[in-house]
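Take a look at the model first, and then we can go through the packing together.

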Amino acid sequence: MTSYINQTFELPSPAKLNLFLHIIGRRNDGYHELETLFQFLDYGDTLTLEVTDSDEINLLTPITNVPNKDNLIVKAAQLLKASASNNPLGVNISVKKVLPMGGGLGGGSSNAATILLALNSLWQCNHSTEKLAELGLSLGADVPIFIHGFSAFAQGVGEKVVTITPEESWYLISKPNCSISTQSVFTAKDLPRNTPSLSPDELMSDVFTNDIFHNDCQTMVINHYSEVAKLLAWLIEYAPSRMTGTGACIFTRCSSQAMARDIQEKLPEGVSSFVAKGVNKSPLLSKMESYQLR
Ligand SMILES: C[C@](O)(CO)[C@H](O)COP(=O)(O)OP(=O)(O)OC[C@H]1O[C@@H](n2ccc(N)nc2=O)[C@H](O)[C@@H]1O
Ligand SMILES: Nc1ncnc2c1ncn2[C@@H]1O[C@H](COP(=O)(O)OP(=O)(O)OP(=O)(O)O)[C@@H](O)[C@H]1O
């Protein structure tokens, strides 16, 4: 059996977009039933993992304002360790964080998924993808899609996924100067929770030109956060734009990288941004394949 002890692996932890996000109901436990289209971006955090024989999980680069014990990176590694009987190995982890927190880009969930997939392989736990998605769901509703690794139409809280292949467009991602907690959006009184379920035919049409597609959190967020309202109004003048997840980031679909850069240069002051391409296969899967990890 291959031993990865003392070997180092650099792995991407990409962002996701919710190309649309419909809330179709609410479960008894308070969680919302969603219908959403996930696509990955070729942009995200980077995690470096060094496998050790020390039995310890060390995060060498703490994230500001997130104690290590609450960090989804550490929690994912601990959860995996507990699920694998007699695993004597450890890991030293470093993270290069570029994704904004509370942005709707799923950064924390993506970090957790990268850890679960990579350590499952490096520690040779041999869990199936389904088992990893189940473990991941206990850390956050967005973790399973990052484990799945392909753009998908998702239902439930995001755990029931069907792979589909939306156009791989260029996007400008802009973040107004505010963070929005997912929980505060889902507990808001004025959040719509009754969008009808999509038919298979409807699902085949373009998410920007067919106006059945929307983000059910957007109007409510705009009403509460003037920064988001102003930025969205500004971006829509240039190209189709929509909020991802529960905000605050807005994605603008562009016909080329040059067009995205052009709008980016004109963005109002105080708005952070990046340009990225939508990709239907997670960059994490491609990188794991190049390391011959599975
Ligand atoms: C908004 C999305 O990003 C869309 O992809 C996800 O649904 C949110 O996923 P996430 O950030 O991983 O969310 P979690 O950490 O699981 O949940 C944060 C909080 O949001 C609420 N929550 C989350 C997901 C969901 N379908 N319904 C909810 O009501 C719950 O109150 C929960 O306490
Ligand atoms: N490794 C991590 N990276 C980012 N946030 C983390 C991490 N671990 C814990 N968190 C906590 O999770 C919160 C949400 O972060 P995240 O980056 O996932 O937000 P988000 O992009 O809004 O997610 P979503 O799209 O799922 O709503 C942060 O405010 C932070 O307190």
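Helix 1 passes helix 2 in a right-handed crossing, meaning that the near helix is turned clockwise from the far one by less than a right angle. This is a predicted model, where local features need pLDDT of at least 70 and side-chain atom pairs count only at pLDDT 80 or more, while totals for chains, interfaces and linings use all residues. Residues are numbered from 1 along each chain as its sequence is written, and chains are lettered from A and ligands numbered from 1 in the order in which they are written.

Helices (H or I, at least four residues) and strands (E, at least two) are DSSP runs numbered from the N terminus. Axes are lines fitted to C-alpha atoms, for helices over the stretch in contact, with angles from 0 to 180 degrees between N-to-C directions.

| Pair | Axis distance | Angle |
|---|---|---|
| Helix 1 and helix 2 | within 8 Å | roughly 35° |
| Helix 2 and helix 3 | 10 Å | about 145° |

Which residues of helix 1 meet helix 2? L72, I73, K75, A76, A77 and L80 do, against G108, N111, A112, I115, L116, L119 and N120 (contact: C-beta atoms, placed from the backbone, within 7 Å).

Helix 2 also passes helix 3 in a right-handed crossing. There, A112, A113, L116, L117 and N120 of helix 2 meet L132, L135 and G136 of helix 3.

How values were computed
Contact = placed C-beta atoms within 7 Å.
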